[in-house]
Structure formats: structure tokens, C-alpha cells
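Dear colleague,

Please find below the structure that I am handing over to you. My notes on what was found in it follow.

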Amino acid sequence: MDIKKFLNNADWALIIAVCLLSVFGIICIGSATHINLGESASNYYSQMAWFAIGIVILVFFSHINIDNVAHYYRQLYIAMLVMLLAVLIFGRSVNGAKRWIYFGPIGIQPSEFTKIIMIICLSKLIDKNRDSVNNISILAAITVLVMIPILLIQRQPSLSASLVLLAIYAVELFAAGLDYKYIWRVAVVVLPILIFILWDVQNPNPILVDKIFHPHQIERILTFVNPSADSDAYYQTMKSINAIGSGQLAGKGLYEGTLNQLSYLPEPQNDFIFSVIGEEFGFIGCMGVLILEFFVVFRCMLIAINCTNSYYRFIAIGIAGMFAFQTFVNTGVATGILPNTGMSLPFVSYGGSSLLCTILMLAIIQGLYILREDEDEEFEKRRKEALQRIRAREEIGERTRRI
């Protein structure tokens, strides 16, 4: 591990943006868990510890050759399925969902690490078949391999993680050059299904919805379609909107958010961290976070564009797509424009698995950036050597003519 090389070649703009988001997230988690009122600060300090571990992971894994990892993509895929099965068998049930495996006091959420494994495996698979990605048999095989972990995650259940995998799948296929005829065909099938779901969820005796979704998921969709149908279920979204609106331009100040401090916000340290930001830091704080999140996505896309290797490009695009999708859904839920799905805000929301997963993705992006810098340095070195050889030949030719 070459620390000097990392310091010289790292994308410091991207690292600083992520550190600002993470540190700001820790501050907001402290407010969301009411450490100022003397309540337990365990989540606050554990997020600090996970962030410190994440920095070590960033420095170490940015030097890992992603090609060496991709060589074992089949084994990674199998390991991912084993992890997801282990959750269903050995996982601890919390609020009716099995999403965590505990090793003593430490809980790991495998669905978070599934995201990065799927990006690596899917990128490799698409890269190997990039010239035939529009072949219906290849497309079907890729789809099946993506749907298997999605179905296992839905058994936990975790709709948010399933949606992230679908987003990664869609973004990478689009980047691979998926024919628009498939996109139109999917739209023709999916749109009527969505309309049917929105209609069926409002029926006293649903035809299909209750066989696909869990009761709490149906409740969330119903309150999104018709908030007045169940005021208790809409309570979370309503309080979130009220909190963000009450912050106005500059917010009420750290630890001064009334709805937050009086515990009216649901899961304020995680799913509704954006509500805490809106109430205590106002429009300015919300825009600052969104600008930084957008900047992270922008830098990932810029690195993807500059990658000469198509496999690297797919990985960078997949990571950028995941960050963008999670940011959109988290803020959309907090502001009431999307149904409540319980999705974390990258680098900001509480969660060790979530933070380590996103920083691990950042480490991969850094590795691609450093590799590109190395390629540029090698190209510049060869260019200078070629110019020196040309000058040497010109000098020899000039001396020969003089003789």
C-alpha cells in the first residue's frame, strides 16, 4: 500500500465532499438521537467509529486492483446469495423484518453489501456480453441473475434494497447500449401494472397487491395514493413535511428543531435524516447537502467518462446510479413526493453497514481514478521518451548532413 501515491493521485475534491457529508451526518445524528438532552449517545459515537474505519478502508481498498476482484465474480455472486440466505435463517427479527446478522453486539446488514457485489458482478457480466447485450437470451439471463437476490431480499422484507438493485440493473443496461425497443416494451408492460397496483391497493379486498407486498408496504402505498384514507399511516410523512417547512430559509439551529427534539419524527437518524436537516438547517442546509450529493454523483460520472476500460466504466456508472437513486428516494420520501420506503441518504444517514458500503464504493472509484492518473503519467512518460528519440534522430541527421 503506497500512501504517498494515494496522497498524490487521489481525487481530493470527491474525498472532501464525502467527508463533509459524513461529518455533517454525524452532527445531525447527534441531534436526531437527542444527545443534547442526555439520551444515549451510542448511535452518535458508533457512527464516528464506523466513519473512522471507513477512512482506513478508503485508503486501503483504493489500491486494490479491481480486475483481481472481478476475476472471482462468480464466487462473489454465490457468496452474496449465501449471505442473503443466512439472513433468512439466522437473522434477528426487528420490527417484523429479518435484515441483520449479529456477531455479538455488532449487526451487519448483508443487503447493503449486496449492492456493491451486484455492481461488480453485473458490470463484469455486461462487459463480457457488451456486443450481444441486446440478444434476448443474454438479456434474459442477466435479468434472472439480478432477480434472484431481489427475491431473497424481498423475503426479509426490504423493498428499498430491492429497488436499489433494480436501479443499478437499469442504469448499467442503459449504459451498455440497451436497444430502445426493449425500453418501450418494458414501459408498455410496467405502466399498466403500476396503474393497476395503485387502483388495487385502494380496494377493501385487493386482487393481487396483498399477494405481492407485505401489509406495512401496502399501507405505505395506500397513504401515498390517498393520504386521507389512513391518517395514522400518513402521520410520519406529514410530520416530516412539517419539519422541513418549519425550518424555512436558515433553519431553527442545531438542537433547536421542535418536532425533532420532541420525538415527533420517525427514524430521524436514518430514513428521515433529511427532515432533521430541513428543520434545523433550513433550505440552505438542505440545498448544501443535495449539492454535495450531486457533486459526488457528478465526479463518479466524470471518472466513468474518462475510463478507457469498459468494465471500469460500468462499475463507475453503477456506483453513480446507486448514489443518485438513493438520494432521490430518501429526499422524495421525506418531502412526500414518494411513498415511504425507508431508504438511507448516502454518507449522511445512520448505519454502519450503509456507511461502510458507500465508502467501499468510494474506494473503488478512487482506485479507478488513481489508475487513470497512472495511465496518464505513463502516457506522458512515453510521449516525452518518443520526443527525445525524435530529437536525437534529428540531431544525428543534422550532424550527418554537416559531415
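Contact means heavy atoms within 4.5 Å. By that rule, and not counting residues up to four places away in sequence, Asn-134 touches Gly-177, Leu-178, Asp-179 and Tyr-182. Please note that this is a predicted model, in which local features need pLDDT of at least 70 and side-chain atom pairs count only at pLDDT 80 or more, while totals for chains, interfaces and linings use all residues. Residues are numbered from 1 along each chain as its sequence is written, and side-chain values use heavy atoms, with hydrogens and water left out.

Asn-134 lies in the loop between α6 (110-128) and α7 (136-154); helices here are DSSP runs (H or I, at least four residues), numbered from the N terminus. Its relative accessible area is 29%, so Asn-134 is partly exposed (buried means under 20%, exposed over 50%, partly exposed in between, with a 1.4 Å probe and protein chains only).

The structure also holds eight aromatic pairs. Rings of Phe, Tyr and Trp (its six-membered ring) pair if their centres lie within 6.5 Å; planes under 30 degrees apart count as stacked, over 60 as edge-to-face and the rest as tilted. One of the pairs joins Tyr-311 and Tyr-312, which is tilted because the planes stand at 50 degrees, with the centres 6.1 Å apart. Tyr-311 is buried, at 2% relative accessibility, and Tyr-312 is buried at 8%.

Lys-124 lies over the face of Tyr-311, 5.3 Å from the ring centre; for this, NZ of Lys or CZ of Arg must be within 6 Å of the ring centre and within 35 degrees of the ring normal.

Yours sincerely

Definitions and conventions:
Helix = DSSP H or I, 4+ residues; strand = E, 2+ residues; numbered from the N terminus.
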